[in-house]
Amino acid sequence: MTTRWTAVRVLRDRTAGRCLTAVVVSGFGTSALWLASGVWVKDLTGSDGLAALCLLAMWTPTLAGPVLGTLADRYRHRPLLIVLSLGMAALLLTLCAVDGPEELWLLYAVLFVYGAAGTVHDAAESALIAGAVDRSLLGDFNGLRMTANEGMKLLAPLAGAGLFTAYGGSGVAVLDAASFLAAALVYVSLRVREQRPDRTREGGRGATAEGVRHLRGDTVLRPLVLAGGVTMLCAGVSGALTYAVVEDLGHSPAYAGVLYAVQGAGSVTVGLLSGPALRRLGARRFAAYGIGLLAVAVALRAVPHDPVAWASAATVGVGLPAALIAVLTEVQRRTPGPLLGRVTATANTLVYTPNVIGLAAGAATVELLGHRVQLSVLGVVLGVTAAVLLAQRPASADRTAARSASDASPA
């Protein structure tokens, strides 16, 4: 079977297919709640600032990713994912008690725990997948995961908005709880062998630092993760400028939804092709080419012409996920199993936290500098990032690959 059909192999593989199902099911509920929580607060209080705090409550725990990832390495991953999923399902049902502004503290508390549990969940899930899915299919799996997540971003918010209109925020909370319950059932059905972690090694500051040291010492992962962080920082700034871009095009703010849909189509495409592309190019070049495409696309957003805007949105959808898929896949491939939870969480913190910073920075500077200047500068920064990553010497990467499995192993 040729490499172009490896995505089908992922879906036919019993373990990989069920892991992907669990990701899709839980992601659907998360995407629905992400939109509905802000609308819920806005509906109860009329405050944009309080509505924005929902996103902050969910994102803040990711700053503790290295510590939370260590928890994922202290337990076998499948049982941990089952417990986390059931716990989140029960916790979300408490949101049915939110009926007015005086209960908003409960919503914020649940969202904060949601973010913390999600960080542990993502780390444990990545480690489980790395051990359960054939290594040759990891790129295909992560690509399909990206495709599924982008699809959820298009469908789940619509479902969440419909449920909110019909049943209020509690209806969306019940939907999310049901998605976690379904994911738990999928994890129960998995048949994977996992060794019991040595908890004497997995606790304390030393264990957390071990994951950081692994990332810092791996000369392949370190530049990939740093490039991913710079990319997401620039993507955050660019995202904050979306409504200024739409206004420059002469459209109403609702037109942003059209551009997001086009971007999602690009992400679906690259997700289906990422496995063969990773095998052909390697993670470093695949990420660099993706960031290079993103550089061109972001710069072109400054051109106030509809066809250019559509083309740039589709190219953003292709370029940005390529970098993210490359980072995740290489972390899974180059990290020993006992370290994978904390290394994944640390990498996610370094890659995704800059996106929030970028969103804030873009929102603060759009009126001061104008969106065209910022988009041009972002294009240059991304182009330099791609060039630096592409210039990494393959020889050094090969030497790291040869020693990482033994030198970084905690055994």
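Me: Which residues of H15 are buried?

Reply: This is a predicted model, in which local features need pLDDT of at least 70, side-chain atom pairs count only at pLDDT 80 or more, and totals for chains, interfaces and linings use all residues. Residues are numbered from 1 along each chain as its sequence is written, and side-chain values use heavy atoms, with hydrogens and water left out. Buried means under 20% relative accessible area, exposed over 50% and partly exposed in between (1.4 Å probe, protein chains only). In H15, the buried residues are His371, Gln374, Leu375, Leu378, Gly379, Leu382, Thr385, Ala386 and Leu389.

Me: Which exposed residues does the face of H15 turned away from its buried side carry?

Reply: Helices (H or I, at least four residues) are DSSP runs, numbered from the N terminus. H15 spans residues 371-390. On its face turned away from the buried side, the exposed residues are Val380 and Val388.

Me: What distance does helix H15 reach from its first C-alpha to its last?

Reply: The expected span of a helix is 1.5 Å times one less than its number of residues. H15 has 20 residues, with 28 Å expected. Its reach is close to that expectation, at 28 Å.

Me: Which helix holds the Asp248 that forms a salt bridge with Arg372?

Reply: A salt bridge is a side-chain nitrogen of Lys or Arg within 4 Å of a carboxyl oxygen of Asp or Glu; in the pair of Arg372 and Asp248, the closest N and O atoms are 2.9 Å apart. Arg372 lies in helix H15, so the pair ties together parts that are 124 residues apart in sequence. Both partners are partly exposed, Arg372 at 40% relative accessibility and Asp248 at 28%. Asp248 belongs to helix H11 (residues 242-249).

Me: How many residues apart in sequence are the parts tied together by Glu125 and Arg145?

Reply: The side chains of Glu125 and Arg145 meet in a salt bridge of 2.7 Å, N to O. Glu125 is buried, with a relative accessible area of 3%, and Arg145 counts as buried at 12%. Glu125 lies in helix H6 and Arg145 in helix H7 (residues 138-167), so the separation is 20 residues.

Me: What geometry does the aromatic pair of Tyr114 and Phe180 have?

Reply: Rings of Phe, Tyr and Trp (its six-membered ring) pair if their centres lie within 6.5 Å; planes under 30 degrees apart count as stacked, over 60 as edge-to-face and the rest as tilted. Tyr114 in helix H6 (residues 104-132) and Phe180 in helix H8 (residues 169-189) are 66 residues apart, and both are buried. Their centres are 5.7 Å apart with 80° between the planes, which is edge-to-face.

Conventions: Helices (H or I, at least four residues) and strands (E, at least two) are DSSP runs, numbered from the N terminus.
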